[in-house]
Each structure stands twice: as structure tokens, then as C-alpha cells.
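Hello,

My notes follow below it.

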Amino acid sequence: MSCPDLKGAPIHLENLTITYQRHPAVHHVTGSFEAGSLTAIIGPNGAGKSTLIKALTGNMAASEGRIDRAGMSASRYGYLPQAAEVDRSFPLSVFDTVAMGDWHRLGVFGGMKRQDVARALDALDKVGLGGFEQRRISELSSGQFQRVLFARLLLQDAPVILLDEPFNAIDERTTRDLLTLIRHWHDHGRTVIAVLHDMSQVRQCFPQTLLMAREAIAWGPTEEVLQPHHLKRANMMEESWRQDAHACELHEEQA
């Protein structure tokens, strides 16, 4: 599988805090995703992982602190949301869904030329869906639809790729194929960040890990982060956050 070299971009978080209804979902996180890095974001349920991804895309604003994207607009980032957030009832074909990845280059009303169509078909071939272009997305299995979304990311050709739980409820073969594609993105210099739950995937495929429990518990090389004392602290911190949520809200109101 070929993949053109494309220099990734760094992302720096400075004291980043994001709140839902005055409750902290991400709390005073500072650190960096280096250019060309491959990072897993892990943590207990409710730890703020998806909130952080949405903030990186520009879809959520910081309550405190900032995100420094090194001069690159978040609109150039490739983003794969959780499957539950994608409406598959809209009558779109597989080809049209993949072609949306080219909007940044063609514009909303730009027509696709022969070479653009060829690029979209090639992206489908690379994710194992050659010949599926005229099918409706509502007809696809969960694994097939996830392949379609990865093909759209291929077409988008983004220097930074953000994936929110990309392997939930899909089959083992699809997971294996898409992990291979992620490694190719990393090998060719893109910055890739993924929210994950499977620790074996994290250990085997992701050199860097951010462990969250609303705060950053540990951030760095994966084997150093996935130490039992860090994981235990993350679980204890998230339990503490849930118990103290009301008190935290009162503190913010008084501030």
C-alpha cells in the first residue's frame, strides 16, 4: 500500500480545561503531540478522551488554556468520529461518502475530474472495498462502513488524523487492516491520535500514549505509561472526579 510522505504537525496543549455545564471534562492538561507521532489516548469511561479529540478538531472551545496547532488550521485535520455519531440513514452512496474527503481541495461546488474519480476509487481499493462504490452506506456492515470512513480519510490526505474509538464493534479482520493503514500513515510522517480501549492494540501499535482521568495521569512512551501504578491512579482519579463533581461545580460558580 503506497502512501505519500506528508509532514505531520505538532499540537501543544497549554493548561487546557474544557467543561460541560460547568463540570470539568478535561482539566488543566499540558503537553505535546509531536509532529509525526502516533499516540493512543486511553483512560476510564468518562475520562475526557472524546472531549479532548473534539477540542482538537475545533468543535469544542477551551474554558481555560489553549491549543497551539503550530499555525495549522484544525479544518485541515482528518477526523473520524465515533460510529454512534454518524447518521447512516441519509441516502448516500459509498462513492459520494468517500468523495467528501476531497472537499477541502475541490470546494463544495467543485466538480470532480477524471483524476479525482480515480483517486476516490483507488482509496476504496486500498481499504478493500473495490466495486462497492454504488452501494448505499445504509446497506453496509459496521466493518464495511468503517472502511468507507477510512477511505474518506485517505482522500482527505490530512497531515493530522484524529480517530475516536475507530475499532468499536467491528470485526477482527477489519481492525487488523485498518491498523495497518494507521501504521502506514505514521511511517509516512503524519501525526495520528486515536482514542482506544484495547490495551493489546495500544502496546503493539502505538509508540506514545496519553493516559487520562480528566487530568493527564501519564504521557509519553507507551511502556512507561502503561504501568500498573499509573492505571490504578487513573481509575482512582476518575472515581474521585465523579464523587466531587457537584463540589467542583460550586467551586467554579464561586470563582
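The largest pocket has a lining of twelve residues, and those nearest its centre are Ser75, Tyr77, Tyr79, Met100 and Gln156. Please keep in mind that this is a predicted model. The space in the largest pocket comes to about 270 Å³. Two elements, helix H3 (103–106) and H5, each give two or more residues to that lining. By class, the lining of the largest pocket has five nonpolar, five polar and two charged residues.

H5 also packs against two other helices.

H4 covers residues 114–126 and H5 covers residues 142–156; their axes lie 9 Å apart at an angle of about 135°. That angle makes H4 oblique to H5, and their crossing is right-handed. On the H4 side the contact is made by Arg119, Ala120, Ala123, Leu124 and Lys126, and on the H5 side by Ala151, Leu154 and Leu155. Of these residues, six are nonpolar, none is polar and two are charged.

The second pairing is with helix H6, residues 172–187, where the axes are 10 Å apart and the angle to H5 is about 10°. An angle under 35 degrees counts as roughly parallel, and H5 and H6 are therefore roughly parallel to each other. The crossing of H5 with H6 is left-handed. H5 contributes Gly143, Gln146, Arg147, Phe150, Leu153 and Leu154 to this contact, while H6 contributes Arg173, Thr174, Asp177, Leu178, Leu181, Ile182 and Trp185. The contact of H5 with H6 divides into seven nonpolar, three polar and three charged residues.

Regards

Notes:
Residues are numbered from 1 along each chain as its sequence is written. This is a predicted model: local features need pLDDT of at least 70, side-chain atom pairs count only at pLDDT 80 or more; totals for chains, interfaces and linings use all residues. Side-chain values use heavy atoms; hydrogens and water are left out. Axes are lines fitted to C-alpha atoms, for helices over the stretch in contact, and angles run from 0 to 180 degrees between N-to-C directions. Helices (H or I, at least four residues) and strands (E, at least two) are DSSP runs, numbered from the N terminus. Angles under 35 degrees count as roughly parallel, over 145 as roughly antiparallel, 65 to 115 as roughly perpendicular and the rest as oblique. A crossing is left-handed if the near helix is turned anticlockwise from the far one by less than a right angle, and right-handed if clockwise. Contact means heavy atoms within 4.5 Å. Ala, Val, Leu, Ile, Met, Phe, Trp, Tyr, Cys and Pro count as nonpolar, Asp, Glu, Lys and Arg as charged, and the others, Gly among them, as polar. On a 1 Å grid over the protein atoms alone, a cavity is a set of points where a 1.4 Å probe fits but cannot get out, and a pocket is an open set with protein on both sides within 12 Å along at least five of seven lines; lining residues have an atom within 4 Å of a point. Grid points are joined across faces, edges and corners, and a volume is the space filled by probe spheres set on the points.
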